[in-house]
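Here are a few exercises to work through with the model open in your viewer. Try each task before you read its solution.

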Protein chains: 2
Amino acid sequence: MGSENKKPVFEDILAAAARIAPYAHVTPVLQSASINELVGAELFFKCENFQRAGAFKFRGACNAVWNLDEQAASNGVVTHSSGNHGAALALAAKTRNIPAYIVVPNGANPAKLKAIEQAGGKITFCDNTMKGRDDAADKIRQQTGAAMVHPYTNVDVIAGQGTAALECLQQTPTLDFMIAPVGGGGLISGTAIAVAGKSKTCRTIGAEPSGAADAYESLQANMRITDIVSNTICDGLRATVGEINLHIMQERRVEIFTVPDQDTIEAMRLIWERLKILVEPSCATVLAAIIKNKMQFTGKKIGLIITGGNVDLDSLPW
Amino acid sequence: MGSENKKPVFEDILAAAARIAPYAHVTPVLQSASINELVGAELFFKCENFQRAGAFKFRGACNAVWNLDEQAASNGVVTHSSGNHGAALALAAKTRNIPAYIVVPNGANPAKLKAIEQAGGKITFCDNTMKGRDDAADKIRQQTGAAMVHPYTNVDVIAGQGTAALECLQQTPTLDFMIAPVGGGGLISGTAIAVAGKSKTCRTIGAEPSGAADAYESLQANMRITDIVSNTICDGLRATVGEINLHIMQERRVEIFTVPDQDTIEAMRLIWERLKILVEPSCATVLAAIIKNKMQFTGKKIGLIITGGNVDLDSLPW
């Protein structure tokens, strides 16, 4: 229950799916004939931009909120987040009628701030450093007794994020690959566990911005690299990969593809134009990775976790 | 079969639905809890932006193409269109492997031009007047023997457009209202016939830009008014309402609400932000009309035909 040490297993993802079912949307899987033609593969877009609060993050947050016992829950939950996780936790807390304290680094995306407020989250601003975030969240935890729900190292969060891939595998024919973006690693680690548990043949791939490729470098070096200064438009993918998340990726042999922002922006626009859906830059990394390496994917069936749709319409990247 | 005189009836819409079923998408109906809360009514968005070629127009075009006999079809089809109908007819012709000649007025939306080309349509430019369009289309018809498929007065087109409302009524609980944008009147007239045939209680409403309110004025004056110079960002709704379309609206007692562009732009942005889908300004008129008149709709169930998603991402209206 929220322990930061014990890695989640497939059964935890099945339990999470059952736990969040009353609150989370079953999101649709969309296809585009013209993108398939362009790539030479069959792509299945798992549209978590249609998830509640506009991102897959609601799955993990909701699982964490509802896996607290009554007494712990009554003090509420606290987290730090540059955006989607904060809004997701605030909304998840609302489904249980408990308070949510959200620590937000200065300079966060305004659209995401608005979403946190609309979901009833209590916002505290902090310096945009890991230490600034941790200190502010710790202080609130001590003052209120709220349970810390870390955006990606919390095991309930990891298990909850894994339900998106689980659901995708239930909605599609046998897939050869499942690909998800890599930020702190909550989604990719949950995805890797879900895919390994559900399919004998499907392989999990991560897509990471070239300008924030700490998970890629960590896998290469076989040790967690924490001194990379991120430089990417993918504001959901700037976090440094978590220890537990890296371990799960190593264990499950997740391969990571890196993509430059320019490719991501082009892929984002392609998704908007062909699928007629709003997606954040972060999610377009997965399509950019496939397009960039398309020889490897010819004729394959691929699930793509489209992570969220909370875009600031006043500052689009093209 | 394409006669411009005999008004279509409900059976024609049922026949159209069967005829286009192998080629057209069954589009989803989406809801937004936050928009429902804002409006105080239950809204069902019939998402024709997910239709093939990105708009409901594929339904009418496809019905017209597949209702031609073998010999007529072999000469192809011709139309004039500022955008969506042209791309739709080109794609519909492609499903039958026949040529499509599309007359496009100078100054048309580049995104829509690209869509016509991608679907294999043969483009001819003309002056942006009704006479310029008619003359250019007539000339092609005489040269090629292609069948004219007028964008909104053709009865097969009207019947095809009506299948969107029919499908929406099949997908939703009993609706009190169905609302669709009004341009030349192909969609609204088909919708009115479908709704009257399918439901005893549901009423059809039209939404028209204040700057192109010729259908509204025509209904008020009880005669077709053709001298209004359109001034609206809704590029799909600038056409003058057709004679047959106006007659059907009168017969079916369609009520029209007019909406200023500013309200339409706000409604468009609301749809993008809350539903995470791309929609054209034209479709946002329906939500703008409901918001502007929300006292009349309190507690009601309303179907909204979301007509298309072919937006030029380089020139968004906010």
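The exercises go from the pair of chains down to single elements.

Some housekeeping: this is a predicted model, where local features need pLDDT of at least 70, side-chain atom pairs count only at pLDDT 80 or more, and totals for chains, interfaces and linings use all residues. Residues are numbered from 1 along each chain as its sequence is written, while chains are lettered from A and ligands numbered from 1 in the order in which they are written.

**Exercise 1. Work out how chain A is related to chain B.**

Step 1: superpose the copies by least squares on the C-alpha atoms of residues with pLDDT of at least 70 in both.

Step 2: read off the symmetry. The two copies are thus related as by a two-fold rotation axis.

Step 3: look along that axis. Ile277(A) is the residue of chain A that comes closest, its C-alpha being at 2.1 Å.

**Exercise 2. Describe the interface between chain A and chain B.**

Step 1: count contacts (C-beta atoms, placed from the backbone, within 7 Å). You get 13 residues of chain A against 13 residues of chain B.

Step 2: sort chain A's side by class, with Ala, Val, Leu, Ile, Met, Phe, Trp, Tyr, Cys and Pro as nonpolar, Asp, Glu, Lys and Arg as charged, and the others, Gly among them, as polar. That gives seven nonpolar, three polar and three charged residues.

Step 3: compare the two sides. 100% of the interface residues of chain A are also interface residues in chain B, so the copies meet through the same surface.

**Exercise 3. Decide how enclosed helix 9 of chain B is.**

Step 1: find the helix, a DSSP run (H or I, at least four residues; strands are E, at least two) numbered from the N terminus. Helix 9 of chain B covers residues 186-198.

Step 2: apply the burial test (buried: 20 or more other C-beta atoms within 10 Å of its own; exposed: 12 or fewer; partly exposed in between; C-beta atoms placed from the backbone). Gly186(B), Leu187(B) and Ile188(B) are among the buried residues.

Step 3: conclude. Since 10 of the 13 residues are buried, helix 9 of chain B is largely enclosed by the rest of the structure.

**Exercise 4. Trace the open sheet of chain B.**

Step 1: pair strands where DSSP finds at least two bridges between them. Six strands come out in the order 1-2-10-7-8-9, with mixed pairing.

Step 2: check the edges. Strand 1 (29-30) and strand 9 (255-259) of chain B each have a single partner strand, so one side of each lacks a neighbour in the sheet.

Step 3: zoom in on one pair. Strand 2 (42-47) and strand 10 (301-306) of chain B run parallel, joined by six bridges, and Glu42(B) sits opposite Lys301(B).

How values were computed
Two residues are in contact if their C-beta atoms, placed from the backbone, lie within 7 Å. The expected span of a helix is 1.5 Å times one less than its number of residues.
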